[in-house]
Amino acid sequence: MNWLINTLGSSIGKKLLMAITGLGFIGFLAVHLIGNLTLYGGQDLFTSYVEHLHALGPLIILAELGLLSFAIIHIVIGTLLFYENLMARPVRYRVKKNAGGRTIGSATQPYTGFIILAFLILHLLNFHFAEHTNKSLYQLISSAFANPLYVGVYVIAMIVVAIHVSHGFWSLFQTLGANHPKYMPLIQKLGIAVSLMFGIGFGFVPIFISFIA
Amino acid sequence: MSENINLTLKIWRQKGPNDKGHLETHEARDISTDMSFLEMLDVVNEQLTVEGKDPVSFDHDCREGICGMCGTVINGLAHGPERGTTLCQLHMRHFKDGDTIVIEPWRARPFRIIKDLVVDRSSFDEIIQAGGYVSVNTGQAPEANSIPVPPEWAELAMDAAACIGCGACVAACPNASAMLFVGAKISQLALLPQGKPEAAKRALSMLRKMDELDFGNCSNETECEAVCPKEISITNIARFNREFLVASFGSSEK
Ligand code: HEM
Ligand code: FES
């Protein structure tokens, strides 16, 4: 198994783990977004979605464990890469300009990542680990978003996710070696579309709820 | 149409690898816009020599954009503001009278500064020594057409082989990663039948040497491609990633 540790511990190996776990999160976010869209359909539709989801029982626990291990890998390796990359240039340039390759997404990837992590903790405390016994999930959500501060934090967090994915999407294909002159322009456009979908789709949920709550 | 301009230069001066270094201001007077950037530095150095001061050390050799020796960061851009151009091929007509120009050496942990703007890039040689070659038997040159090579592959291999190893990719990369350099050196061989037999071994040993030398990790910022004087494409990095995958999971190399 030594070869596997050497492989995954190398610079490209670590990037490979970032790409696979990042792709996993994008898949999760897509499913999560579809679920959240039921909130636009009102309390009954959302509650029936939640009940159906929870009826999956052990499958949900399996998915949660999968997501948790992906998260640990993505966060630990992301932090390690961030640190190694800082150390690779101990003396910084006095003057440094972008030559045209960098984007907002690529230049902020580690920082948006850390903000997402902070948001993730808040988000799980808000809804996942919150007291569920005498309140339905819908009630939890509508009471949270009656507070404009929560609406603001959630909308900003979703913009940050969109920025992270705007670079992450095409970047993960490049990391996997899938850079083909026929498909790469399409992948890059799809990345922008997906990040806009995440930003707008998730971002409007708190705003919508705050209006009807 | 030539004219003469005056410039203020802020040049990185560093006595040796362990000196802290600092930016030093020099005036460059009456510089012809027909001069190259290095000729402009020659003029400054002549003046410094006349004044009995230490001239600025900088790397150069061919001065025709083919050897890969020259290169500094000009106002934050590796090889200066012109795309697809080495520093020696950058002309002063791209600057205006009264401009201030900040000149810094390539900065990366594996690139030790020897003096002023002169940088030790022997880490690149070490990566090549780790596997950037094909092992061939000596003897008579084989018949050229005995191994067919599709023209597109030959073109792609030639594009990768245009790399002159100047180090601008590392200098410009926000992470000081050498992936464009190594990607080009892997590609120029992996694309050709002669490079195939050792492809897996080469990909792994060059990658390991690169990591061992403490270059940063690529995060696909694509700054390298933007400053490369030979406009080497990041598709070569993707090919390196593929070669790595195939070598790691599809070959018996360890
Ligand atoms: C919504 C959740 C997230 C998604 C969808 C996501 C997605 C991605 C994707 C697709 C990549 C690109 C991988 C590649 O270039 O091959 C990436 C990179 C990265 N992510 Fe995330 N990520 C998420 C959360 C986080 C969190 C919580 C952190 C906190 C540490 C983080 C830190 C990073 C870093 C540092 C990189 C850059 C790695 C590198 O290329 O050097 N991400 N992410
Ligand atoms: S001096 Fe040879 S490439 Fe510039």
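Which residue forms a salt bridge with B:Glu27? B:Arg29 does, with the closest N and O atoms 3.5 Å apart.

## Before we start

This is a predicted model, where local features need pLDDT of at least 70 and side-chain atom pairs count only at pLDDT 80 or more, while totals for chains, interfaces and linings use all residues. Residues are numbered from 1 along each chain as its sequence is written, chains are lettered from A and ligands numbered from 1 in the order in which they are written, and side-chain values use heavy atoms, with hydrogens and water left out.

## The two chains

Let's look at chain A. Its secondary structure comes to 8 helices and 0 strands, and from the N terminus on the elements run α-α-α-α-α-α-α-α. (Helices are DSSP runs of H or I with at least four residues, strands are runs of E with at least two, and both are numbered from the N terminus.) The C-alpha atoms of chain A fill a box of roughly 55 × 45 × 40 Å along the principal axes. Of its 213 residues, 37% count as buried; buried means under 20% relative accessible area, exposed means over 50%, and partly exposed is in between, using a 1.4 Å probe and protein chains only.

Now for chain B, which has 8 helices and 7 strands. Its C-alpha trace spans about 60 × 40 × 35 Å along the principal axes, and 53% of its 254 residues count as buried. How much of the contact in each chain links residues 24 or more positions apart? Taking contacts with a separation of 6 or more, the share is 78% in chain A and 70% in chain B. Contact here means heavy atoms within 4.5 Å.

Helix H6 of chain A covers residues 137–144, and A:Tyr138, A:Leu140, A:Ile141, A:Ser142 and A:Ala144 are buried in it. What do those buried residues pack against? They pack against four pieces of chain A: helix H3 (43–54), helix H5 (104–128), helix H7 (148–175) and helix H8 (184–212). A handy bit of background: an α-helix has 3.6 residues a turn, so residues three or four places apart point the same way.

Helix H3 is also where you'll find A:Leu45. A:Leu45 counts as partly exposed because its relative accessibility is 43%. The C-alpha atoms of A:Leu45 and A:Gln188 are separated by 35 Å, and the two residues are 143 residues apart along the chain.

## Salt bridges

Back to the pairing we opened with. A salt bridge is a side-chain nitrogen of Lys or Arg within 4 Å of a carboxyl oxygen of Asp or Glu, and the structure holds 16 of them over all chains. B:Glu27 has 42% relative accessibility, so B:Glu27 counts as partly exposed.

B:Glu51 and B:Lys53 form another salt bridge, with the closest N and O atoms 3.1 Å apart. B:Glu51 is partly exposed at 42%, and B:Lys53 is partly exposed too, at 49%. Are B:Arg107 and B:Glu104 buried or exposed? Both are buried, and their side chains meet in a salt bridge of 3.1 Å, N to O. There's also a network of salt bridges linking B:Arg13, B:Glu24, B:Asp54, B:Lys115 and B:Asp116.

## Two loop residues in chain B

B:Leu117 is in the loop between strand E6 (112–115) and strand E7 (118–120). B:Leu117 counts as buried because its relative accessibility is 1%. Leaving aside neighbours within four places in sequence, its contacts include B:Ile11, B:Trp12, B:Phe58 and B:Glu104. B:Leu117 and B:Ile11 are 106 residues apart along the chain, with 8.4 Å between their C-alpha atoms.

B:His91 is in the loop between strand E4 (77–78) and strand E5 (100–104). Again leaving aside neighbours within four places, B:His91 is in contact with B:Thr33, B:Asp34, B:Met35 and B:Ser36. A polar atom of its side chain lies 3.1 Å from the backbone oxygen of B:Gln89.

Conventions. Polar contact = N/O pair within 3.5 Å; in protein donor to acceptor, adjacent residues only side chain to side chain.
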